[in-house]
Amino acid sequence: MTTICDDPDEFAEDQLAGWLALYADRVRGVTGGVVTLPTAGADPQVAVVVGGGSGHYPAFSGLVGPGLATGAVVGNVFTSPSAAQVYSVAKAADQGRGVVLSFGNYAGDTMNFGLAAERLRAGGVDTRIVVVTDDVASADEVDRRRGIAGDLAVFKAMGAAAAEGASLDEVERIGNRANERTRTIGVAFSGCTMPGADGPLFTVPDGHLGLGLGIHGEPGIRDVPLLPARELADLLVGRLLAERPDDATDTTRVAPVLNGLGDTKYEELFLLWGRIAPLLARAGFEVVEPEVGELVTSLDMGGCSLTLQWLDDELERLWRADAHTPAYRKAAAPLAALVPAAAVTEAAETATVVPAASRASRRAAATARDVVAAMDALLRSQEHELGRIDAVAGDGDHGRGMVKGIAAARRAVDGTDPAAGIGFLLGRAGEAWAAQAGGTSGVLWGAALEAFGAAIGDEVDEVTPALVVDAVRAFADAIVQLGRAQRGDKTLLDALLPFVDALDEGVAAGSSLAEAWTAAATVAEVEATATAALTPRVGRARPLAEKSVGTPDAGAVSMGMVLTCTGAVLSARATGPDHTTTAVHTEGVHA
């Protein structure tokens with residue numbers, strides 16, 4: 001159980017601050033993560049930047065150092081870092097020879113790292129992406145598989161190649177080849193507990209283990225009876241040998257990684273390795289420098305995984321190469337060669353000039369401020385329930401992510417000049433949500449808020465109900481375009497898109513905005529509940545589709561809650577006891 005913390009919402013930031021204080025002689029912190037200190041006299045090299053959510057130590061920050069990663073992006077617990085964080089770390093890590101971004105195959109990571117890559121390229125930094133897809137249990141199609149403990153083997157190959165002076169093209173090629181030749185299978189004995197939570201994200205039935213676990217607190221694909229060590233070794237080795245890559249028939253050399261998930265003792269891993277090694281030998285494989293220990297964890301999850309990388313001459317050389325990081329060492333590279341860290345101070349934010357806004361836009365912004373405050377209170381009260389729903393077939397972080405997003409948005413709103421119009425105000429709120437929440441929902445909510453504000457703008461003469469409908473449709477379109485999902489995929493769109501249609505119909509029929517919104521929100525709540533019958537077709541819940549059936553989608557549920565909450569604010573402002581004040585603040589929105 002994760003018991004040592006102050007504010008659970010700040011666990012990721014607090015642990016990273018302590019880690020940076022411990023390893024200040026070899027790494028430095030930057031916005032969004034960490035980068036290695038340069039080696040005196042060394043030539044510039046390709047930057048290998050890895051990353052993902054917190055809760056996986058030694059991945060990702062613990063793998064930063066000579067011979068491995070140049071930098072690591074550190075997101076919230078089990079949540080992808082934001083695009084802004086990825087961009088910040090990559091810019092700090094870039095040595096002028098280009099950047100390779102590498103991460104596990106999760107929707108939020110793919111989206112945020114992809115957006116950061118586009119921004120880096122636009123700024124003149126040649127940027128490539130290598131996605132790790134080693135988890136054989138998560139999908140039959142290799143390109144749809146998750147990235148779990150095979151991260152280490154892929155990162156190590158690229159880091160070693162970069163240290164040798166390889167070009168950006170070569171580092172990218174080697175990373176993809178390493179991924180193509182890496183396979184992992186894992187088992188869970190018990191679930192992990194999020195900071196501040198009073199129970200695990202999932203439980204394993206007594207006398208069973210979960211086969212095919214993920215590293216974001218996801219349970220196994222199926223539960224099977226608990227096995228003695230010899231039979232567990234047979235299961236792990238047999239499944240991986242059956243998944244031998246098609247292009248690896250030319251080798252009998254493998255680099256194994258037996259990885260603990262956080263609560264399994266080293267002694268247990270040593271015992272299990274004693275059963276695995278003979279099986280590999282009997283299968284005709286030469287074992288090359290095996291690794292046994294905690295390398296890619298999942299907080300305090302009980303369990304382990306076995307990774308095999310099929311080696312050729314090039315991959316073997318890179319696997320054997322020296323590396324020296326806080327958590328992973330192949331050789332004792334002298335720390336004296338590292339340049340001492342200079343005091344790093346964040347540059348003061350450039351003062352932002354608030355654009356002129358019309359009276360109608362300012363009044364709409366006042367309504368938006370009330371909505372954001374109400375959303376903040378609502379999502380905090382529902383955080384654990386949303387996490388519980390999400391944990392059935394996901395990673396259980398939806399409630400935490402929504403709270404971090406709305407908290408960041410509210411801070412941005414509260415810190416914005418009262419003279420700001422709704423376009424500028426929601427632009428700031430959306431940027432803050434996306435930057436601080438991370439994950440898929442963080443990107444989507446951030447972009448959607450910006451789109452809503454932009455659709456109304458700061459210079460509008462009158463905010464009519466029809467204009468609000470257009471803004472809501474822009475909100476939804478931003479999510480559709482960025483998330484690449486559709487109605488029926490079991491996402492927040494299953495609540496949002498029916499809401500948009502119902503709102504449009506209500507306004508067209510002559511209802512006031514508050515009346516039409518409240519009625520449409522009821523439709524959204526009903527449709528959110530109905531997602532329980534759907535099978536997820538996108539996102540993290542997809543590998544656990546069968547377990548998801550019977551439980552509504554957490555994103556759709558939270559969307560329904562937020563739309564209902566917004567309707568209550570609009571109704572209160574239209575019919576509140578201080579009607580004069582209400583009328584001033586809602587003039588132009590016809591609530």
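This is a predicted model: local features need pLDDT of at least 70, side-chain atom pairs count only at pLDDT 80 or more; totals for chains, interfaces and linings use all residues.
Colleague: Why is the pair of W19 and Y23 called tilted?

Modeller: Their ring centres sit 5.3 Å apart and the planes make 55°. Stacked needs planes under 30 degrees apart and edge-to-face needs over 60, with the rest counting as tilted, so 55° makes this pair tilted. W19 and Y23 are both buried, too.

Colleague: What makes W433 and W445 a stacked pair?

Modeller: Here the planes are at 10°, with the centres 5.0 Å apart. Stacked means under 30 degrees, so the pair is stacked. W433 belongs to helix 11 (residues 422-437) and W445 to helix 12 (residues 439-456), so the pair ties together parts 12 residues apart in sequence.

Colleague: How do you know whether W433 is buried or exposed?

Modeller: The cut-off for buried is under 20% relative accessible area. W433 comes out at 0%, so W433 is buried. W445 has 2%, so W445 is buried as well.

Colleague: Now the helices. Why are helix 2 and helix 3 called oblique?

Modeller: Helix 2 (residues 83-93) and helix 3 (residues 107-122) pack at about 50°, with axes 8 Å apart. Roughly parallel would need under 35 degrees, and roughly perpendicular starts at 65, so the two helices are oblique to each other. Their crossing is right-handed.

Colleague: Which residues of helix 2 meet helix 3?

Modeller: A83, V86, Y87, A90 and K91 do, against N112, F113, L115, A116, R119 and L120 in helix 3. By class, that contact has eight nonpolar, one polar and two charged residues.

Terms used:
Residues are numbered from 1 along each chain as its sequence is written. Side-chain values use heavy atoms; hydrogens and water are left out. Axes are lines fitted to C-alpha atoms, for helices over the stretch in contact, and angles run from 0 to 180 degrees between N-to-C directions. Helices (H or I, at least four residues) and strands (E, at least two) are DSSP runs, numbered from the N terminus. Angles under 35 degrees count as roughly parallel, over 145 as roughly antiparallel, 65 to 115 as roughly perpendicular and the rest as oblique. A crossing is left-handed if the near helix is turned anticlockwise from the far one by less than a right angle, and right-handed if clockwise. Contact means heavy atoms within 4.5 Å. Ala, Val, Leu, Ile, Met, Phe, Trp, Tyr, Cys and Pro count as nonpolar, Asp, Glu, Lys and Arg as charged, and the others, Gly among them, as polar. Rings of Phe, Tyr and Trp (its six-membered ring) pair if their centres lie within 6.5 Å; planes under 30 degrees apart count as stacked, over 60 as edge-to-face and the rest as tilted. Buried means under 20% relative accessible area, exposed over 50%, partly exposed in between (1.4 Å probe, protein chains only).
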